[in-house]
Amino acid sequence: MPEKKFSFIDLFAGIGGFRLGLEAIGGDCIASSEIDRHANQVYANNWPNDSEQHHLGDICQVGQLPPHDLMVGGVPCQAWSIAGKNRGIEDPRGKLW
């Protein structure tokens, strides 16, 4: 494992794809946010040593983020996929960037 060079927050984390890549180049994931129950289960299985405080829950309910060097996040896919009725910006989740 490379030496920790920077800290990051993983928003709309899914199962942790961004985290996997960023940790491989020396990143330290200090917090994550994901609302999908199934994705959260996989994320927790992938990183079982995360503290309870690591998981921020619904990003719309977070008042302040911990200090960090980098923030990453995938677009909330539900608003943009056929599984989510492809409502795009008309879906409240489609406005989270």
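What does the accessible surface of the protein chain come to, and what percentage of it belongs to carbon and sulfur atoms? After that, please look closely at Glu-34, which is found in the loop between β2 and α2.

Analyst: The accessible surface of the protein chain comes to about 6,300 Å², and 56% of it belongs to carbon and sulfur atoms; such areas are calculated by the Shrake-Rupley method with a 1.4 Å probe, and for residues only the protein chains shown count as cover. This is a predicted model, in which local features need pLDDT of at least 70 and side-chain atom pairs count only at pLDDT 80 or more, while totals for chains, interfaces and linings use all residues. Residues are numbered from 1 along each chain as its sequence is written, and side-chain values use heavy atoms, with hydrogens and water left out.

Before the close look, the setting. The protein chain contains two helices and three strands, arranged along the sequence as β-α-β-α-β; here helices (H or I, at least four residues) and strands (E, at least two) are DSSP runs numbered from the N terminus. The three strands form an open sheet in the order β2-β1-β3 with parallel pairing, where two strands pair if DSSP finds at least two bridges between them. Its edge strands, each pairing on one side only, are β2 (27–33) and β3 (70–73). Strand β1 (residues 6–11) runs parallel to β2 and is joined to β2 by six bridges, and in this pairing Ile-9 stands opposite Ala-31.

Glu-34 itself has its place in the loop between β2 and α2. With a relative accessible area of 15%, Glu-34 counts as buried, where buried means under 20%, exposed over 50% and partly exposed in between (1.4 Å probe, protein chains only). By the same cut-offs, 33% of the 97 residues of the protein chain are buried.

The side chain of Glu-34 takes part in two polar arrangements with the backbone. One of its polar atoms lies 2.6 Å from the backbone nitrogen of Gly-14, and a polar atom of the Glu-34 side chain also lies 2.9 Å from the backbone nitrogen of Asp-36. A polar contact is a pair of N or O atoms within 3.5 Å; within protein, one must be able to donate a hydrogen and the other to accept it, and residues adjacent in sequence count only if both atoms are side-chain atoms.

If neighbours within four places in sequence are left aside, Glu-34 is in contact (heavy atoms within 4.5 Å) with Phe-12, Ala-13, Gly-14, Ala-39, Asn-40 and Gly-57.

Phe-12 sits in the loop between β1 and α1 and is partly exposed, with a relative accessible area of 22%. Its phi is positive, at about 50°, although Phe-12 is not a glycine; most residues other than glycine have a negative phi.

The C-alpha atoms of Ile-59 and Leu-11 are 7.6 Å apart, although 48 residues separate the two along the chain.
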